[in-house]
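Subject: Structure handover

Hello,

Here is the structure for you to take over. My notes on it follow below the model.

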Amino acid sequence: MRIVSLLPAATEIVFALGCGDDLVGVTFECDHPTEARSRRVVSTSALPDGLSPAEIDAIVSQRIAAGEDLYRLDEQALADLDADVVLTQDLCAVCAVDITRVDQALKYLGCTAEPVTLDPQTLDEVLESIAIVGNVLDVPERARAVIAELRARLEHLGDATRDVVHPRVLTLEWTDPAFTAGHWVPDLVTAGGGEPVLANPGHDSIRVSWDDVLAAPAHVVIVAPCGYHLDASYDFAVNLVAAGRVPDGADVWAVDADSYFVRPGPRLVDGAELVAQILHPDRVGPSPVDRARPVPSA
């Protein structure tokens with residue numbers, strides 16, 4: 001079976017299911033596992049490099065309003081790869097090629113590949129999407145084993161944090177302007193022994209004012225900007241603290257958002273564990289330094 005993935009999370013699922021050898025095409029963002037980088041890239045960003053978060057937000061808003069693409073689909077590469085299955089999403093126009101664009105390209109090229117759309121909104125639905133991919137790739141037993149292991153880890157977290165105070169946690173998925181946690185991210189906070197505030201579980205992340213952020217009754221602020229790894233997240237978090245844009249008295253942490261918070265794949269459970277390591281290090285151990293970093297107060 002020849003597989004093309006148009007979503008980094010789907011790429012991670014394919015490898016978790018032991019089907020990496022069948023993966024022939026990926027996006028420019030597919031960087032885990034490292035082996036994924038050796039596959040042919042069929043989707044790239046249409047945004048210029050080097051933009052600030054505010055500039056990205058402005059351009060994305062303009063292009064979505066104008067009905068313009070945020071990604072470029074290499075139709076020739078898609079045709080050359082002769083895929084049997086194309087894994088894509090209908091969750092967020094900012095995250096991957098629009099499903100309508102994919103369908104149009106397959107029809108235009110005369111490709112017989114089966115498009116499989118993943119659209120998880122919650123952590124449970126992310127785990128269910130692993131089963132969907134497992135069925136499509138004809139490895140349902142492997143999928144069940146992967147899901148069982150992930151659920152066992154979540155159950156262990158629940159046991160470890162059940163009888164402790166759950167701090168209130170504000171997660172920022174974007175820093176200019178401010179967007180708070182949506183979709184599955186509040187589930188990660190809950191699974192990690194926290195209480196999400198200013199969150200929108202199971203739905204799109206929401207844009208909020210800085211007054212809302214400052215007034216949030218948060219004990220902890222987790223800076224997890226979509227599309228960024230730890231070093232960039234830390235720089236953004238430092239800037240927020242310096243500008244006085246976090247609630248008074250809140251502990252501020254930067255995390256590797258791209259790896260553990262925003263991609264709806266198996267590593268979200270690592271993200272839940274990371275939350276627990278930040279909030280309850282006495283119960284589950286401290287967070288790894290390559291995944292999270294505390295931000296000094298101003």
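The notes below go through the findings by region.

Please keep in mind that this is a predicted model.

Searching the whole structure turns up two aromatic pairs. One of them is W174 with Y228, a tilted pair with 5.9 Å centre to centre and 45° between the planes. This pair links distant parts of the chain, since W174 belongs to strand β7 (residues 168–175) and Y228 to the loop between β13 (220–223) and α9 (230–242), 54 residues apart. Y228 also pairs with F236, edge-to-face, at 4.9 Å centre to centre and with 90° between the planes.

Is W174 buried or exposed? W174 has a relative accessible area of 11%, so W174 is buried. For Y228 the relative accessible area is 16%, and Y228 therefore counts as buried too, the cut-off being under 20%. F236 is buried as well.

**Charges over rings**

Two arginines sit over tyrosine rings. The charged end of R267 is placed over the ring of Y260, 5.5 Å from the ring centre. R293 lies over the face of Y234, and here the distance to the ring centre is 4.9 Å.

**S233 in α9**

Helix α9 contains S233. With a relative accessible area of 0%, S233 is buried. Its side chain reaches the backbone oxygen of V255 at 3.0 Å. Setting aside residues up to four places away in sequence, S233 touches V223, P225, Y228, A254, V255 and A257.

**Strands β7, β13 and β14**

β13 pairs with β7 in parallel through four bridges. V169 has V220 of β13 as its bridge partner. β13 also pairs with strand β14 (residues 251–255), again parallel and over four bridges. In that pairing I222 stands opposite W253 of β14.

Which residues of β13 point which way? V220 and I222 point one way, V221 and V223 point the other way, and all of them are buried.

**Helix α2**

Does the length of α2 agree or disagree with what its residue count predicts? Helix α2 (residues 53–65) has 13 residues, which at 1.5 Å a residue should span 18 Å; the C-alpha atoms at its ends are 18 Å apart, so the two agree. The expected span takes 1.5 Å times one less than the number of residues.

P53, I56, D57, I59 and V60 are buried in α2. An α-helix has 3.6 residues a turn, so residues three or four places apart point the same way. The elements that cover the buried residues of α2 include β7, β8 (178–180), β12 (206–208) and α9. Just after α2 comes G67, with a positive phi of about 70°.

Helix α1 (residues 8–16) is largely enclosed by the rest of the structure, because eight of its nine residues are buried. The buried residues are P8, A9, A10, T11, E12, I13, V14 and F15. They pack against β1 (3–5), β2, β5 (85–89), β6 (114–118) and α5 (123–136). Just after α1, G18 has a positive phi of about 80°.

A36 is placed in the loop between β2 (23–27) and β3 (40–45). A36 counts as buried because its relative accessibility is 0%. Apart from neighbours within four places in sequence, A36 is in contact with T11, F15, V26 and C30. T11 and F15 are among the buried residues of α1. A36 and P48, twelve residues apart in sequence, are 23 Å apart in space, C-alpha to C-alpha.

**Backbone geometry to note**

Most residues other than glycine have a negative phi, and most peptide bonds are trans. The following are exceptions.

- H32 and P33 are joined by a cis peptide bond, with omega about -10°; P33 is in the loop between β2 and β3.
- The bond from D176 to P177 is cis, with omega near 0°; P177 is in the loop between β7 and β8.
- D82, not a glycine, has a positive phi of about 50°. D82 is in the loop between α3 (75–81) and β5, and is exposed, with a relative accessible area of 53%.
- L198 has a positive phi near 55°. L198 lies in the loop between β10 (195–196) and β11 (200–201), and counts as partly exposed at 31% relative accessibility.

Regards

Terms used: Residues numbered from 1 in each chain as written. Heavy atoms only, no water. Phe/Tyr/Trp six-rings, centres within 6.5 Å; stacked < 30°, edge-to-face > 60°. Helix = DSSP H or I, 4+ residues; strand = E, 2+ residues; numbered from the N terminus. Buried < 20%, exposed > 50% of the residue type's maximum accessible area, 1.4 Å probe, protein only. Lys NZ or Arg CZ within 6 Å of the ring centre and 35° of its normal. Polar contact = N/O pair within 3.5 Å; in protein donor to acceptor, adjacent residues only side chain to side chain. Contact = heavy atoms within 4.5 Å. Pairing = 2+ DSSP bridges.
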